Amino acid sequence: MKKDNKKVVYWLLTGCLLIFIMVIIGGITRLTDSGLSISNYKLITGTIPPIGEAEWQEAFDLYKQYPEYQKLHYHFNLEDFKSIYFWEWLHRLIGRLIGLVFILPFLYFLATKQLTKATIKKCVVLLALGGFQGFLGWYMVKSGLVDMPDVSHYRLAAHLTTAFLTFAATLWVALDLIYPNKKPINAKFRNLIIISYGILIIQIIYGAFVAGLKAGLLHNHWPLMNENKFIHETVYVLDPFYKNLIENPSGIQFVHRTFAYLVVASIVLLWFKSRKMTLTLPQQKGINMLLILVFCQFLLGVFTILFAVPLWLGIAHQIGAFFLLSTMTFTLHRFSK
């Protein structure tokens with residue numbers, strides 16, 4: 001049987017799709033304040049939600065022992081609890097499904113010798129990333145069960161960024177199999193793509209910071225903050241100054257909204273430079289799609305701020321980031337050795 005065949009590619013792309021769905025559900029979980037509704041972790045028995053009123057009441061009583069209920073949702077009744085429980089349960093269910101979809105076919109492909117040694121090594125890395133992502137999810141939840149009814153924005157950023165990178169790595173392995181033959185590339189242009197990729201990752205991290213600190217609910221004007229100031233005075237209130245860039249909600253929103261111009265500029269530069277090059281059709285499509293997506297994402301970000309992060313816009317903005325990273329990954333792959 002041929003190694004690294006189409007079935008392996010479909011398996012990897014299915015994993016990409018599931019990670020994409022997981023990120024969307026994770027965004028809904030975050031924006032609906034559902035992430036702390038399940039305060040324990042049961043890998044097997046937690047797959048099935050509570051059945052019957054007695055089990056639901058037991059789950060609700062457990063929730064009442066933690067800060068989110070005591071300080072924020074003390075007015076909740078059982079039906080309110082069920083609504084937030086659903087999203088966190090679904091988020092964890094998809095996480096379990098991703099684990100099975102990665103592990104079981106991997107073992108099958110190993111047993112039937114359908115993977116090359118190089119692909120086996122890459123898949124082991126993907127499995128490690130997936131396991132680490134699951135750990136980060138629980139590590140993030142734990143931070144919201146101690147004193148304050150909010151998870152650490154640092155842990156949220158680690159959890160979300162690892163999800164994005166796991167998706168990108170899985171897509172990269174699939175692209176290695178779809179495009180096994182590499183062509184000569186322009187090293188300087190490839191390095192420019194790598195720089196743009198790094199800029200985009202930083203922006204994604206700051207997007208997670210904004211979500212974690214609910215900074216999108218502040219300064220809901222554009223292009224200035226609070227109608228008349230490019231830099232609002234609340235941006236630089238902490239001492240030492242660097243804390244404004246990583247812990248101050250106003251400062252973090254300023255970085256995120258300003259860094260967006262750099263993301264756009266880096267991709268526009270890529271597009272202009274590509275016009276002077278002879279490119280393959282996939283390379284040109286990747287560059288053109290980047291240009292379209294970055295402007296769509298920029299507009300989504302502006303409207304998300306102006307309307308103070310309604311659920312649908314917040315999710316659309318997160319999906320836009322996902323598509324942008326996917327296209328950047330594809331484009332970088334097409335310009336790699």
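This note covers the fold, the surface and the salt bridges of a predicted model.

1. Basis. The model is predicted: local features need pLDDT of at least 70 and side-chain atom pairs count only at pLDDT 80 or more, whereas totals for chains, interfaces and linings use all residues. Residues are numbered from 1 along each chain as its sequence is written, and side-chain values use heavy atoms, with hydrogens and water left out.

2. Secondary structure. The protein chain has eleven helices and zero strands. Helices (H or I, at least four residues) and strands (E, at least two) are DSSP runs, numbered from the N terminus.

3. Overall dimensions. Along the principal axes, the C-alpha atoms fill a box of roughly 65 × 60 × 35 Å.

4. Of the 337 residues, 47% count as buried (under 20% relative accessible area; exposed is over 50%, partly exposed in between; 1.4 Å probe, protein chains only). Among contacts (heavy atoms within 4.5 Å) between residues at least 6 apart in sequence, 78% join residues at least 24 apart.

5. Surface. The protein chain exposes about 17200 Å², with carbon and sulfur atoms supplying 70% of that area. Accessible areas come from the Shrake-Rupley method with a 1.4 Å probe; for residues, only the protein chains shown count as cover.

6. Salt bridges from Lys 82. The structure holds eight salt bridges, each a side-chain nitrogen of Lys or Arg within 4 Å of a carboxyl oxygen of Asp or Glu. Lys 82 pairs with Glu 53, with the closest N and O atoms 3.3 Å apart. Lys 82 lies in helix α4 (residues 78–111) and Glu 53 in helix α2, so this bridge ties together parts 29 residues apart in sequence. Lys 82 also forms a salt bridge with Glu 79, at 3.5 Å between the closest N and O atoms. Lys 82 and Glu 79 are three residues apart in helix α4, a separation of about one helical turn. Glu 79 counts as exposed, at 52% relative accessibility.

7. Lys 214 and Asp 33. The side chains of these two residues meet in a salt bridge (3.4 Å, N to O). The pair links distant parts of the chain, 181 residues apart: Lys 214 is in the loop between α7 (187–213) and α8 (243–246), and Asp 33 in the loop between α1 (6–31) and α2 (52–63). Lys 214 counts as partly exposed at 33% relative accessibility, as does Asp 33 at 23%.
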